[in-house]
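Reader: I am new to this structure and would like a close look at one part of it. Please take me through the salt bridges, one at a time.

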Amino acid sequence: MKIFHRTIQSELIKICSRRVWWVIAALVVVLQPIFAIIVAKSYVQIGLDATPETHPDILVEAIPPLDYIGLEVVLFGLLPMVVFGGMIGASEYKHHELRTTLLCQSSRMQVFLAKVLALLICSTFVSFLSIYATISTMHFSLGELGLHPLYLSSIAWQFIGFSALDWILLTLLSFGIGMLFRNAIVPLIFLVPQVFNLGTYLARRWEWGEYLPVAAGNLLFATPTDPLEHEPLKGGIVLLIWVMLALVTSYYTFIRRDVGGKY
């Protein structure tokens, strides 16, 4: 057990020492709240009761109700998290890092579990921190029009949890696909177009589109003004199935094939 704990610590250090971790953290923890300030200032100028009919040159969709304001900005950070998961999953097969890891811990099962747990810890931390900071900053910038920036509301906290769960599961899905194919491009080709509204478009056109991972994740925190309905149970189950399939498949191939790489 001590060896397993040390393996988890090693994987955490490995993730946190990568440049991509700090780039992603800066994007979602710093840049996303700054984007929230810009959006909040525009809301203050036009008013929270503005609609696409009254401001067709500014608004494409209606402004969400007060308890849901800020969630529209949270979608900005989903793309960096997907990229992060795919790069972490594929990076072990480069520069023979995996060979070095297996010299210290010969159990491939424990190595794989340690990698998943380390990524889960990192993605959970940065997801909750970024999403809370974004929504809190948004309401702080709204001034008297917004909620209390520290306490928010019960609905806001509930949707912070749903949004963070979506980020975490999609990060793990991207990691699993990246490790399965030993390439970060594959999860990006699969997930990035869905992040850029392709998943929502397909879900609106065909019922089966809601079973794509990003569209299912959108069901977790869909607001009353979103095109998709808020169905957290359905969305969570579908997305969890995607994640489990990716992780189980990548685990099976991880323990049975050569670590690869050329000298």
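Author: A residue is called buried when its relative accessible area is under 20%, exposed when that area is over 50%, and partly exposed in between. The model is a predicted one. Both K115 and E11 are buried by that cut-off. The two residues form a salt bridge, with 3.2 Å between their closest N and O atoms. K115 belongs to helix α6 (residues 108–142) and E11 to helix α1, so this pair ties together parts that lie 104 residues apart in sequence.

E11 also meets K14 in a salt bridge between their side chains, at 3.4 Å from N to O. Here both partners sit in helix α1 (residues 2–16), three residues apart, which is about one turn of the helix. E11 has 3% relative accessibility and therefore counts as buried. K14 counts as buried too, because its relative accessibility is 16%, under the 20% cut-off. Taken together, E11, K14 and K115 are linked in a network of salt bridges.

A search of the whole structure finds three salt bridges. One of them joins E210 and K234, whose closest N and O atoms are 2.5 Å apart. E210 lies in the loop between α8 (185–205) and α9 (213–220), while K234 lies in helix α10 (residues 232–256), so the pair ties together parts 24 residues apart in sequence. E210 is buried, at a relative accessible area of 15%. K234, at 23%, is partly exposed, because its value is not under the 20% that buried requires.

Conventions: Residues are numbered from 1 along each chain as its sequence is written. This is a predicted model: local features need pLDDT of at least 70, side-chain atom pairs count only at pLDDT 80 or more; totals for chains, interfaces and linings use all residues. Side-chain values use heavy atoms; hydrogens and water are left out. A salt bridge is a side-chain nitrogen of Lys or Arg within 4 Å of a carboxyl oxygen of Asp or Glu. Helices (H or I, at least four residues) and strands (E, at least two) are DSSP runs, numbered from the N terminus. Buried means under 20% relative accessible area, exposed over 50%, partly exposed in between (1.4 Å probe, protein chains only).
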